[in-house]
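Please walk through this protein chain with the structure open beside the text. The tour takes a few stops, one at a time.

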Amino acid sequence: MTALARLKSAIDSAAVEIPPVRVGGLVTEVAPTYCRVAGLSPFVRLGERVRFSWDKMNALGEVVRIDGRDVIVKPFETRMPFGIGTEAHRIGAIGLAPRDEWKGRVINAMGEPVDGLGPLAHGERMMNVDAEPPPAMTRARLHRPLTTGVRAIDIFTPICEGQRIGIFAGSGVGKSTLLSMIAHSHGFDTVVVALVGERGREVREFIEGALNGNRARAVTVVATGDEGPMMRRLAPLSAMAIAEYFRDQGDSVLLIVDSVTRYAHAARDIALAAGEPAVARGYAPSVFSDLPKLLERAGPGEEGAGSITGIFAVLIDGDDHNDPVADAIRGTLDGHIVLDRSIADQGRYPAINVLGSISRLAQIVWTSDQRELVRKLRTLISRFEDTRDLRLMGGYHQGADAELDRAVQLVPRVYDALRQDPSSPLAQDAFADLAVLLRQ
């Protein structure tokens, strides 16, 4: 019998319980974006947390790279107040234990309350922030239409319960305002919001304004722009884990993430600190594998469970819609809504480009009459926009082209009918409202 076998036999026959062993190491290098810890390599896995302890103080980090002799740890803090020789101990994977009492609360990416309303009670079920999506063949099919109350969306890019759709926009085009309008929707049991990299002043504005009607049913996860990349990357993962908890209880969950681009920026910072090469506009390869892992977790649950309807804001850097991150997200989602700066410059809000927006599940929502109406409206809008320069130069003469005459007459009225702002009442039947406004 080998020595290892004899040791196992002795442990199995022992009458006393063997206490758990605390695994630790020492910091050997501190850099602006990471630190190196010796002694942990054989005992940790990627994504596990490490606690640093010094002078009765503590800080947390995450293992982002493992070498033969040491590990690279990215702290959750924006700065590293410890030095060489600081003790570091493995504390395992990140998890949250949500419960119904979390509704109405505001928490940080670690699941700690930041709203001053006291401690959070924890549930019995631990949710992994890096969980896998439900198996493809066991997921329910989408069939139930949803009403957002935003006429431009409900007419041209309608969505279903459990759909994942992106709102693509540059800065200052009205992305957050449109999200706040969608957040007023009452077709959901639970609302989970992840504010990632937002300005600090916008947090209360969104919670007390956009979520005012749904705040009692909402869990808000906040990681502001001044927090470190570890917190900004963790925030949407934590929000997704909370949404999955309520989905598994049978709830219809609305998940709003503002924005996925800042999640990608944080993931890029972490990947570069771990030594990955930059392959596309500074983004490391792991960023493009992390994005579908996050986005695929939204959507319908398994048969008999609830669903997560995902609304993901995508900030377009430099208004370049061919940005690699935007491309990767667009190819993963079930549709995209494009906000156009030129439309916003005309004072038309929401500044949705109906020709550039698409819902891959619209055919499930539209009736045959609605489908034909939308097709005709898109044709007229396309003709109207294509001839804008011609008309400005005086090259248009009424009566020369019947279809263009109809577009010139009808499209401006359609644009007026689609105008809405957060103070406007939500549309209960967008097609009926459009018909009424066009007859005026």
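**An arginine and its partners**

The backbone oxygen of Pro300 lies 2.8 Å from a polar atom of the Arg139 side chain. That is a polar contact (a pair of N or O atoms within 3.5 Å; within protein, one must be able to donate a hydrogen and the other to accept it, and residues adjacent in sequence count only if both atoms are side-chain atoms). This is a predicted model, in which local features need pLDDT of at least 70 and side-chain atom pairs count only at pLDDT 80 or more, while totals for chains, interfaces and linings use all residues. Residues are numbered from 1 along each chain as its sequence is written, and side-chain values use heavy atoms, with hydrogens and water left out.

Ala298 also faces this arginine. Its backbone oxygen lies 2.9 Å from a polar atom of the Arg139 side chain. Arg139 sits in the loop between β9 (127-128) and β10 (145-146). Strands are DSSP runs of E, at least two residues long, and helices are runs of H or I, at least four; both are numbered from the N terminus. Is Arg139 buried or exposed? Arg139 is buried, because its relative accessible area is 16%; buried means under 20%, exposed over 50%, and partly exposed in between (1.4 Å probe, protein chains only). Not counting residues up to four places away in sequence, Arg139 touches several residues, among them Pro133, Glu296 and Glu303. Contact here means heavy atoms within 4.5 Å.

Next comes a helix pair. Helix α7 (residues 285-295) packs against helix α8 (residues 324-332) at about 35 degrees, with axes 10 Å apart. Axes are lines fitted to C-alpha atoms, for helices over the stretch in contact, and angles run from 0 to 180 degrees between N-to-C directions. From α7, Phe288, Leu291, Pro292 and Leu295 meet Pro324, Val325, Ala328, Ile329 and Thr332 in α8.

Now turn to the barrel. Six strands close it in the order β1-β2-β5-β4-β3-β6, with antiparallel pairing. Neighbouring strands of this sheet are turned by 45 degrees against each other on average, direction ignored. Two strands pair if DSSP finds at least two bridges between them.

Strand β1 (residues 24-30) pairs with β2 over four bridges, in the antiparallel sense. The two form a hairpin with four residues between them. Strand β2 (residues 35-38) also pairs antiparallel with β5 (residues 70-75), over four bridges. Val37 in β2 stands opposite Val27 and opposite Val71 in β5. Arg36 stands opposite Ile72 in β5.
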